[in-house]
Amino acid sequence: MDIENAKVQMRKGILEFCILQIISRGEVYASNMLEELTSAKIMVVEGTLYPLLTRLKNAGFLDYKWVESSSGPPRKYYVLTEKGGEFLEELHLTWDELQGSVLQITNPATPNS
């Protein structure tokens, strides 16, 4: 296993959480999600994002609406559903717990001597 593969796998593990977090801020277009994820160095390509958005929609976590665009075809804007908000809250709790666990392991308290 090489380091690049390990990094990719770590990022993939939190991708769904990050996407839901971005959408929770308000209506968002997929290309804006891609830009934010790329800017945060969570590399993702359209071929990964769109199937994930479809899965989240089919699970009832997302909805979307079509908005007319002055510069081309209508755009699909995603929004979080109530069920998606509840799911995101659970992911936040899990993230906080996981982050604390990893910090406990990577930065153990120095025992008193």
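Trainee: What are H1 and H4 to each other, oblique or roughly parallel?

Mentor: In this predicted model, the axes of helix H1 (residues 3-24) and helix H4 (residues 82-106) come within 10 Å and cross at roughly 130°. Axes are lines fitted to C-alpha atoms, for helices over the stretch in contact, and angles run from 0 to 180 degrees between N-to-C directions. Angles under 35 degrees count as roughly parallel, over 145 as roughly antiparallel, 65 to 115 as roughly perpendicular and the rest as oblique. The pair H1 and H4 is therefore oblique.

Trainee: With which residues is Leu91 in contact, leaving aside its neighbours within four places in sequence?

Mentor: Leu91 is found in helix H4. Its C-alpha atom is separated by 18 Å from that of Asn58, 33 residues apart along the chain. With neighbours within four places in sequence left aside, the contacts of Leu91 are Phe17 and Leu20.

Trainee: Is the crossing of H1 and H2 left-handed or right-handed?

Mentor: The axes of H1 and H2 come within 11 Å and cross at roughly 125°, so these helices are oblique to each other. Leu15, Cys18, Ile19, Ile22 and Ile23 in H1 meet Met33, Glu36 and Leu37 in H2. A crossing is left-handed if the near helix is turned anticlockwise from the far one by less than a right angle, and right-handed if clockwise. The crossing of H1 and H2 is right-handed.

Trainee: Which residues of H2 make the contact with H3?

Mentor: Helix H2 (residues 30-39) and helix H3 (residues 46-58) pack at an angle of about 120°, with their axes 11 Å apart. That makes H2 oblique to H3. From H3 come Glu46, Leu49, Tyr50 and Leu53, and from H2 come Ala30, Met33 and Leu34.

Trainee: In what order do the elements of the protein run?

Mentor: Helices (H or I, at least four residues) and strands (E, at least two) are DSSP runs, numbered from the N terminus. The protein has four helices and three strands. From the N terminus on, the order is α-β-α-α-β-β-α.

Trainee: What radius of gyration does the protein have?

Mentor: The C-alpha atoms fill a box of roughly 70 × 35 × 20 Å, taken along the principal axes. The radius of gyration is taken over C-alpha atoms, and the globule rule is 2.2 Å times the number of residues to the power 0.38. A compact globule of 113 residues would have a value near 13 Å, but the protein has 17 Å.

How values were computed
Residues numbered from 1 in each chain as written. Predicted model: local features only at pLDDT ≥ 70, side-chain atom pairs only at ≥ 80, totals over all residues. Heavy atoms only, no water. Contact = heavy atoms within 4.5 Å.
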